[in-house]
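User: I am new to this structure and would like to learn how its terms are applied. Could you take me through it?

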Amino acid sequence: MNKKIKKFAVLGHPIKHSLSPQIHFLFANEFSIDLEYKKIDIDQEDFFDSIANLKSEGFYGLNITMPLKYLAFQICDEVTERSSLCKSVNTITLSDKKIIGDSTDGRGLINDLNKKSISIDGKNILLVGAGGAASGVIYDLIQGKPKQIFLTNRTINKASKMQEYWKLFADKNQVILKVIDLNLQKKINFDLVINATSASLSSKDSPISNSIYNCLTNSSVCYDMMYGSKTPFMKEAYKKTDLVYDGIGMLVEQAAVSFNIWHHLNPITKNIEEDLKIL
Ligand code: ATR
């Protein structure tokens, strides 16, 4: 019998360097699943038409990356509570009648931290950045029950708006949410600093100041959601701690959650980063 191959794609702009196809092929290989997975470069203005076209071409699942996650949230007929609060969708399922959306970035981050044996329970986290990337992970950070999440951003009023928006959810989860200035006047013990800015794409400087680096000890963890090269944030962090990571593990883990949504299977992610280096 001729089983129909399911069609998938990742949409973004730019998309050339996306590793999503390789990751999904490696996952599919584990379960001997045949699938098609394309990279499609899409401008924001073409997004809604493109989704309609891909639907009529029989695509089953779409990953959505920068800068389309908010548009993807808008086009969905149904989203999860997580996506609804984050206003972000990176995983679309095109069912017969509906466009269904979810956001797997936050779970990708948490699963990667777990894999690295980094617990956030009861800890102090500093989340740097107040754009789409930060909003996409804060739901899961709050659910991880840290003691406090400090928010900061180059444009500080965006961090304040983010605090106002997430306050209720944080209160419900007994997590303290605070905004701090980038030029910190007092010392705070940060267990984990997450760089969710896109600073490394446009600047040679770290998005955080020395006053924040001076709060770090050799047991603090610094995590940059970007991957591909050692960012200025990471280079400075290495002067304080060896526990410095880029976002490649998060990329693999968010893909694993997407794979689970579409195939109802949990791929083994352990060796994927190594396999990607070989490919
Ligand atoms: P994304 O979806 O990648 O988060 P975004 O919504 O445009 O993209 O947000 C980018 C984030 O990176 C913002 O927090 C931005 O700070 P501003 O709100 O002040 O713009 C931050 N960012 C970008 N370039 C930066 C830089 N050179 N230094 C510090 N922060 C930077």
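User: Why is D105 called buried?

Analyst: Buried means a relative accessible area under 20%, exposed means over 50%, and partly exposed lies in between (1.4 Å probe, protein chains only). D105 has 9% relative accessibility, so D105 counts as buried. Before we go on, two notes on where this comes from. This is a predicted model, in which local features need pLDDT of at least 70, side-chain atom pairs count only at pLDDT 80 or more, and totals for chains, interfaces and linings use all residues. Residues are numbered from 1 along each chain as its sequence is written, and side-chain values use heavy atoms, with hydrogens and water left out.

User: What makes K69 and D105 a salt bridge?

Analyst: A salt bridge is a side-chain nitrogen of Lys or Arg within 4 Å of a carboxyl oxygen of Asp or Glu. The closest N and O atoms of K69 and D105 are 2.8 Å apart, so the pair meets that limit. K69 is buried too, because its relative accessible area is 14%.

User: Where in the chain do K69 and D105 sit?

Analyst: K69 is in helix α3 and D105 in helix α5, 36 residues apart, and the pair links distant parts of the chain. Helices here are DSSP runs of H or I with at least four residues, strands are runs of E with at least two, and both are numbered from the N terminus.

User: How many salt bridges are there, and what do others look like?

Analyst: The whole structure has nine salt bridges. One of them joins the side chains of E253 and K115, at 3.0 Å from N to O. E253 lies in helix α11 and K115 in helix α5, so this pair ties together parts that are 138 residues apart in sequence. E253 counts as buried because its relative accessibility is 6%, while K115, at 37%, counts as partly exposed. Another salt bridge is between K239 and E236, at 2.9 Å from N to O. K239 is exposed, with 62% relative accessible area, and E236 is partly exposed at 27%.

User: Why is helix α5 described as largely enclosed?

Analyst: Eight of the 11 residues of α5 (residues 105-115) are buried, so the rest of the structure largely encloses this helix. The buried residues are D105, G106, R107, G108, L109, I110, D112 and L113. After α5 comes S117, which has a positive phi near 60°.

User: How do you know that the buried residues of α2 are on the same side?

Analyst: The buried residues in question are F47, S50, I51 and L54. They span an arc of only 100° around the axis, so they lie on the same side of α2. The arc is that of the directions from the helix axis to the C-beta atoms. As background, an α-helix has 3.6 residues a turn, so residues three or four places apart point the same way. The face of α2 turned away from the buried side carries the exposed residues D49 and S56.

User: What do the buried residues of α2 pack against?

Analyst: They pack against β1, β2, β3, α3 (69-75), β5 and β6; contact means heavy atoms within 4.5 Å.

User: What is the order of the strands in the sheet?

Analyst: Six strands form an open sheet in the order β2-β1-β3-β5-β6-β4, with mixed pairing. β2 (35-41) and β4 (78-79) are called edge strands because each pairs on one side only, where two strands pair if DSSP finds at least two bridges between them. Strand β1 (residues 6-12) is parallel to β3 (residues 59-64) and joined to β3 by five bridges, so this pair passes the test of at least two. Within that pairing, F8 stands opposite G61 in β3. Helix α11 (residues 248-263) packs on the sheet, touching β1, β2, β3, β5 and β6.

User: What makes β1 largely enclosed?

Analyst: Five of the seven residues of β1 are buried, so the rest of the structure largely encloses this strand. β1 also runs parallel to β2, with seven bridges between them, and K6 stands opposite L35 in β2.

User: How do you know that the radius of gyration agrees with a compact globule?

Analyst: The radius is taken over C-alpha atoms, and the globule rule is 2.2 Å times the number of residues to the power 0.38. For 279 residues a compact globule would have a value near 19 Å, and the protein chain has 19 Å, so the two agree. Of these 279 residues, 51% count as buried.

Note on methods. Axes fitted to C-alpha atoms, helices over the stretch in contact; angles between N-to-C directions.
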